[in-house]
Amino acid sequence: MRVVCIFKEGRDYSRTVNDYLEDFYRRTGREIETMDPDESPAFCEAYDIVEYPTLVALDRDGGAVAVWKGLPLPLFDEVSYYASA
């Protein structure tokens, strides 16, 4: 599985998201892929992502199995399950 974090840099929440991503890597040893919605509008449209930040867990076939929208960001335990599978 893969986990993708969709957010825009330079927004009021950007520092929170970047800190979350760094802490997640430090604690779990796994990286969360990041994506700018302006650079990947087709991805956002396909998964109906209109709120940022959003984390999406995708299975091997590309189907969304879990979605977390907005703040507060999910607990590391919730996301690490999908990042490790």
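Q: What do the buried residues of H3 pack against?
A: The buried residues of helix H3 pack against E1, helix H1 (14–28), E3 and E4, where a contact means heavy atoms within 4.5 Å. Helices (H or I, at least four residues) and strands (E, at least two) are DSSP runs, numbered from the N terminus. The model is a predicted one, in which local features need pLDDT of at least 70 and side-chain atom pairs count only at pLDDT 80 or more, while totals for chains, interfaces and linings use all residues. Residues are numbered from 1 along each chain as its sequence is written, and side-chain values use heavy atoms, with hydrogens and water left out.

Q: How do you know that the buried residues of H3 are on the same side?
A: The buried residues of H3 (residues 76–84) are Phe76, Val79, Ser80, Tyr82 and Ala83. They cover an arc of only 165° around the axis, and are therefore on the same side of H3; the arc is that of the directions from the helix axis to the C-beta atoms. The face turned away from this buried side carries the exposed residues Asp77 and Tyr81.

Q: Why is Ser80 called buried?
A: Buried means under 20% relative accessible area, exposed over 50%, and partly exposed in between (1.4 Å probe, protein chains only). Ser80 has 19% relative accessibility and therefore counts as buried. This residue of helix H3 touches Phe24 and Thr28, not counting residues up to four places away in sequence.

Q: What makes strand E3 largely enclosed by the rest of the structure?
A: Five of the five residues of E3 (residues 54–58) are buried, so the strand is largely enclosed by the rest of the structure. Thr54, Val56 and Leu58 point one way from E3, Leu55 and Ala57 point the other way, and all are buried.

Q: How do you know that E3 pairs with E4?
A: Two strands pair if DSSP finds at least two bridges between them. E3 and strand E4 (residues 64–69) are joined by five bridges in the antiparallel sense, with Leu58 opposite Ala64 in E4. The two strands form a hairpin with five residues between them, and Gly62 in the turn has a positive phi of about 90°. Five bridges also join strand E1 (residues 2–6) to E3, again antiparallel; Ile6 has Thr54 as its bridge partner in E3.

Q: Why is Asp48 called exposed?
A: With 52% relative accessibility, Asp48 counts as exposed. Asp48 is in the loop between H2 and E3, and its phi is near 55°, a positive value in a residue other than glycine.

Q: Which residues does a cis peptide bond join, with omega about -5°?
A: These are Tyr52 and Pro53. Pro53 lies in the loop between helix H2 (41–46) and E3. A cis peptide bond also joins Leu71 and Pro72, with omega about 0°; Pro72 lies in the loop between E4 and H3.

Q: What makes the chain as compact as a globular protein of its length?
A: The elements run β-α-β-α-β-β-α from the N terminus on. The radius of gyration of the chain is 12 Å, close to the 12 Å that the globule rule gives for 85 residues, so the chain is as compact as a globular protein of that length. This radius is taken over C-alpha atoms, and the rule is 2.2 Å times the number of residues to the power 0.38. Of the 85 residues, 40% count as buried.
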